[in-house]
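We will take a short walk along the chain, one stop at a time.

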Amino acid sequence: MNSNVSRLAGSVGKVIVGKQQTVVKLIAALLCEGHVLLEDVPGVGKTQLITALSRSIGGKFNRIQLTPDVMPSDIAGFTMLDSNKGEFVYRDGAVMCNFLLADEINRASPKVQSALLEAMEERQISLDGVTHKLPRPFLVMATQNPVETYGTFHLPEAQMDRFFMKLSMGYPSMEEEFEVLGRTENYNPIANITEPVMTVEDIAAMQEAVKRVRVSDGVKQYIINIVSSTRQDRNTVLGISPRGSIALFKAAKAFAYIFDRDYVTPDDVKCTAVSVLAHRIILSPQGKTTFGTGEAYIENVIRNCPVPSMS
């Protein structure tokens with residue numbers, strides 16, 4: 001594993017027990033300047049994971065607990081009259097940071113959810129005819145609970161497609177949970193991260209290094225074959241968009257970089273495909289009956305797509 005990535009993952013590991021695959025994928029999304037949706041049952045450490053990553057990097061971190069009464073101005077900011085200057089000035093919203101934790105995003109109203117769209121896609125906020133650029137890097141890490149739907153608002157497909165990855169943590173093993181109990185006996189384990197191990201400049205340099213990872217034409221065609229097969233399938237109502245193929249392309253490059261290679265292999269594509277693609281499709285009634293979930297459907301697509309040979 002790349003030494004910088006190992007250092008960052010080790011810092012997160014001071015808080016999160018196990019879940020190495022989820023941590024690595026979260027770092028991959030960060031290196032691709034992508035946003036992450038963490039969907040899992042309550043109490044498995046979603047917020048702790050995101051907070052641990054943010055504390056490990058010396059950037060500005062904002063957290064907003066989303067509820068139905070949150071306003072779009074809480075997200076995007078607002079302009080107000082400064083009586084001393086005699087002019088309107090912009091007051092920062094929650095998005096004016098490097099890392100934004102949008103906790104329980106599906107509890108926010110559609111109006112508030114839409115306030116995130118421009119920030120996530122364009123890395124900017126437009127208010128009263130003025131555009132405000134967001135800091136770089138900028139990463140939205142949202143959480144949602146899939147089992148409790150009372151008082152929630154379904155995320156529209158347009159917003160789901162803007163999330164680079166959808167991840168879940170799952171329950172810990174018995175051994176991991178034993179260690180969790182020991183870590184939380186006297187204090188919150190987030191206190192184990194006393195100082196950042198990286199700066200935002202380090203992250204920016206790593207993001208540039210990921211862009212230089214080489215991808216052969218055969219691997220590019222492999223990615224295209226995977227996404228194309230979802231568009232002409234009676235098991236789906238909505239297939240993968242070009243934004244999805246670009247995301248898979250970038251994620252594979254990030255995985256190659258994480259494991260200290262300057263070229264992408266088909267295994268990099270396989271390792272990231274489910275997390276990058278599953279939330280971007282809508283299964284037809286037949287697809288739901290056959291596969292049940294988008295994750296199972298993408299796994300089936302990967303199994304049946306011919307793998308290119310590497311020269």
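Select Lys19 to begin: Lys19 is buried, at a relative accessible area of 17%, where buried means under 20% relative accessible area, exposed over 50% and partly exposed in between (1.4 Å probe, protein chains only). A word on what you have open: this is a predicted model, in which local features need pLDDT of at least 70 and side-chain atom pairs count only at pLDDT 80 or more, while totals for chains, interfaces and linings use all residues. Residues are numbered from 1 along each chain as its sequence is written, and side-chain values use heavy atoms, with hydrogens and water left out.

Stay on Lys19 and look at its backbone: phi is positive, about 55°, although Lys19 is not a glycine. You are in the loop between helix 1 (3–12) and helix 2 (20–31); helices (H or I, at least four residues) and strands (E, at least two) are DSSP runs, numbered from the N terminus.

Next, select Glu33, in the loop between helix 2 and strand 1 (36–39). What is phi of Glu33 near? The value is near 55°, positive in a residue other than glycine. Glu33 counts as buried, with 19% relative accessibility.

Now jump to Pro137, in the loop between strand 7 (130–133) and strand 8 (139–144). Show the peptide bond from Arg136 to Pro137: this bond is cis, with omega near -5°.

For the last stop, pick Asp267 in helix 11 (residues 266–277). Asp267 is partly exposed, with a relative accessible area of 48%.
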